[in-house]
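Have the sequence and the model open side by side.

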Amino acid sequence: MNQQQLAKAIYTTARVTGTFQLRSGQLSHQYFDKYLLESDPQLLAEIAEQLAKLIPETTEILAGIEMGGIPLATALSLRTGLPVVFVRKKAKAYGTAKLAEGVPIQGKNVCIIEDVVTTGGQIVLSAQELRAAGARVESVLCVIERDSSCRIRLEEENLFLNSLFSMEELEV
């Protein structure tokens, strides 16, 4: 599947219309339901195939942000052989009480994996917490970049985003 075919498959599979409040608080008349594309094994495999090409060479660990980034990071891990951690939005208060579950991240180059990025707010929070745990975090990959202004916020935190698609590319 080429890039244009994948864009059409994502658009057809995951786009729903109506009135939706986004995590950022913004209202939108269309929504990309990431669970529709992440629960389709063929589509998820194709997304992983194309996202894998965007992973920086220095990446040692993939970090899937709860919840939509986790299936993507897992698929990428299977595709590339890179280990993965699963990043909670808040460390659990019991058991290991870890924020990032999986392999040790201290001193490692970690690439954050996210599904849809609008403002980048959760990415910034997760990156700060991963860095506090000793990870080196500069790279972020996502499937859909809803709003290009998120790049400014991310770059202020020395985070650099590679997206598979912008909203404009999906709407073609």
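The sulfur of Cys111 has its closest cysteine sulfur in Cys142, 10 Å away, which is too far for a bond. This is a predicted model, and every distance here is taken from its coordinates. Cys111 is buried, because its relative accessible area is 0%, below the 20% cut-off.

Now move to Cys142. The closest cysteine sulfur to its own is in Cys150, at 6.8 Å. That is also too far for a bond, because a disulfide needs two sulfurs within 2.5 Å. Cys142 is buried as well, with a relative accessible area of 0%. How many disulfides does the structure hold? The count is zero.

Cys142 and Cys150 turn up again around Leu161. Leu161 sits in strand 8, which spans residues 160-166. Beyond its neighbours within four places in sequence, Leu161 contacts Val140, Leu141, Cys142, Glu145, Cys150, Arg151 and Leu154. Is Leu161 buried or exposed? It counts as buried, at 6% relative accessibility.

Next, look at a helix pair. Helix 1 covers residues 3-14, and helix 3 covers residues 41-52. Their axes come within 11 Å and cross at roughly 140°. The two helices are therefore oblique to each other, because an angle has to be over 145 degrees to count as roughly antiparallel. The crossing of helix 1 past helix 3 is left-handed. Which residues meet there? Helix 1 brings Gln3, Leu6, Ala9, Ile10 and Thr13. Helix 3 answers with Leu43, Glu46, Ile47 and Gln50. By type, the residues of this contact divide into five nonpolar, three polar and one charged.

Now turn to the loop between strand 3 (61-65) and helix 4 (69-80), where Gly68 lies. Gly68 is buried, with a relative accessible area of 3%. Set aside its neighbours within four places in sequence, and Gly68 is in contact with Lys34, Tyr35, Glu38, Glu114 and Asp115. Gly68 and Gln30 are 38 residues apart in sequence, and their C-alpha atoms are 18 Å apart in space.

Ser24 lies in another loop, between strand 1 (15-21) and strand 2 (27-32). Apart from neighbours within four places in sequence, Ser24 contacts Thr118 and Thr119. Leu36 is twelve residues from Ser24 along the chain. The C-alpha atoms of Ser24 and Leu36 are separated by 21 Å.

The last stop is Gln122, in helix 5, residues 121-132. Gln122 is buried, with a relative accessible area of 9%. Which residues does Gln122 contact, leaving aside its neighbours within four places in sequence? They are Arg23, Ile65 and Lys89.

Key: Residues are numbered from 1 along each chain as its sequence is written. This is a predicted model: local features need pLDDT of at least 70, side-chain atom pairs count only at pLDDT 80 or more; totals for chains, interfaces and linings use all residues. Side-chain values use heavy atoms; hydrogens and water are left out. Axes are lines fitted to C-alpha atoms, for helices over the stretch in contact, and angles run from 0 to 180 degrees between N-to-C directions. Helices (H or I, at least four residues) and strands (E, at least two) are DSSP runs, numbered from the N terminus. Angles under 35 degrees count as roughly parallel, over 145 as roughly antiparallel, 65 to 115 as roughly perpendicular and the rest as oblique. A crossing is left-handed if the near helix is turned anticlockwise from the far one by less than a right angle, and right-handed if clockwise. Contact means heavy atoms within 4.5 Å. Ala, Val, Leu, Ile, Met, Phe, Trp, Tyr, Cys and Pro count as nonpolar, Asp, Glu, Lys and Arg as charged, and the others, Gly among them, as polar. Buried means under 20% relative accessible area, exposed over 50%, partly exposed in between (1.4 Å probe, protein chains only).
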